[in-house]
Amino acid sequence: MAIEPITRFLLAVGAILLVSHFCGEVLRRIGQPPVLGEIVGGLLLGPSVLGLIWPSAGTWLFPADVLSSLDRAAQLGLVVFMFLLGCELRTDRIERKSLVGAVILGGMGLPFAAGIGVAFAAASVLAGADAPKAGYVLFFALALAITALPVLARILVDLDLDRTGLGALSLTSAAIGDGIAWLTLTLILVGTGQHGGGNVVMTAILAVVLVVFTQLVVRRILGRLVTRIESDKVMTVLLLVGAIGFAVLTQLLGLHALLGAFLFGTAVPRDCPVVERISAQLRGFTLVVLLPLFFALVGLSTSIGLLGTDLSHWLLFAGILLVAQLTKFIGAGGAARLAGLPGRQAIQLGTLMNCRGVTELVVATIGLKYGLINQLGFTILVLVAVVTTAVTGPLMRFLTRREKAAAKPEIFEIVGN
């Protein structure tokens, strides 16, 4: 009996949601953020697991037409997700600007510099076939410098650190770092001509004009709308249409649609009850339904088998993972220590900033789409995102327990005196 395309699509969505959220719940029970389980669920449905043990099932469940439909739904989810990330970008609550600046500079600068060296050394293995050398190198370096804001926020909540000074510092640094990362990615795509647009100089000028217009005009318009429109439904529609409209605009400019959604989010008023309610509603549906579709597509594009039995590929992955971990830890934690943060907190901060999660997956997907990296490079970046995210929670729990244990003798000593 022939199965209609819509039936296949719904079956695929059901399978993705079931596997992703099951894995998310399993990992939640062992102290990991659920989003990591959802990413792992996507990998299980791809060629790394399902395609390896039951190839015909993977082919039947995810034929080309279903993958195309899933991609469209996932792109919509990413647009909304990037809009929400833009809404969460806060620069108005920075108290110690020099400390935040040091964390951003060290936490992004050192991994970026090391990434340039790694990219040059491994260009013949990781670069896309037709990728401009400069574009590939800068992109790969940027991918190693990322911290994932949404996953970091979830880890802080799980550890009861979200309302602490350390939590505020790490979240602020990650949020601003995300903004810098997306701006840098825009410049890379424009500068290398990988965006697919026309004149590179004209594209860059139009992009700058759009940013200025958004911050000077759109921000004011949205500020007035949220005070005059009382209906959450109407405001939700306006914000969604605005995010999608900006996504379309940046796509027409030759940039990625996600950049436009993020930019529009940065113009949305802060500390507004209406916007906060709308964000909570959109975040629920996006994270539960749409984002797992993106994780599944990442999994379907990732094949650990590409590392194969070639020892050099596994050594390359291990080297990149080590560089990514050490440079982020030393860069963010070391800079914070030099800026005056106590030693133990600097170590914890360096550990937290290593979380790459969803943001690196999105960036890696863009790099693969524009041919800046090949399938092996994409697979390595995905695995780096998974591993660095997986170790952040357990390491922070270990460091927190050590801090509490170290504090006990001090308490007894004070009491004794």
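A salt bridge is defined here as a side-chain nitrogen of Lys or Arg within 4 Å of a carboxyl oxygen of Asp or Glu. By this criterion the structure holds four salt bridges. The structure is a predicted model, in which local features need pLDDT of at least 70 and side-chain atom pairs count only at pLDDT 80 or more, while totals for chains, interfaces and linings use all residues. Residues are numbered from 1 along each chain as its sequence is written, and side-chain values use heavy atoms, with hydrogens and water left out.

One of the salt bridges joins the side chains of E25 and R28, at 2.5 Å from N to O. These two residues lie three residues apart in helix α1 (residues 5–29), and are therefore separated by about one helical turn. Helices here are DSSP runs (H or I, at least four residues), numbered from the N terminus.

A helix pair comes next. Helix α15 (residues 311–338) packs against helix α16 (residues 343–352) at an angle of about 145°, with the axes 8 Å apart; axes are lines fitted to C-alpha atoms over the stretch in contact, and angles run from 0 to 180 degrees between N-to-C directions. In contact, meaning heavy atoms within 4.5 Å, are K328, F329, A332, G333, A336 and R337 of α15 with G343, A346, I347, L349, G350 and T351 of α16. This contact comprises six nonpolar, four polar and two charged residues, where Ala, Val, Leu, Ile, Met, Phe, Trp, Tyr, Cys and Pro count as nonpolar, Asp, Glu, Lys and Arg as charged, and the others, Gly among them, as polar.

K328 of α15 also belongs to the lining of the largest cavity, where it is among the residues nearest the centre together with M108, A145, T147 and G177. On a 1 Å grid over the protein atoms alone, a cavity is a set of points where a 1.4 Å probe fits but cannot get out, whereas a pocket is an open set with protein on both sides within 12 Å along at least five of seven lines; lining residues have an atom within 4 Å of a point. The largest cavity holds about 80 Å³ of space, and its 14 lining residues divide into eight nonpolar, four polar and two charged. Helix α10 (165–192) gives the most to this lining, with five residues.

α10 also gives the most to the lining of the second largest pocket, with eight residues. This pocket has a volume of about 470 Å³, a volume being the space filled by probe spheres set on the points, which are joined across faces, edges and corners. Of its 23 lining residues, W182, L183, T186, V211 and L263 are the closest to the centre. The lining has 16 nonpolar, seven polar and no charged residues.
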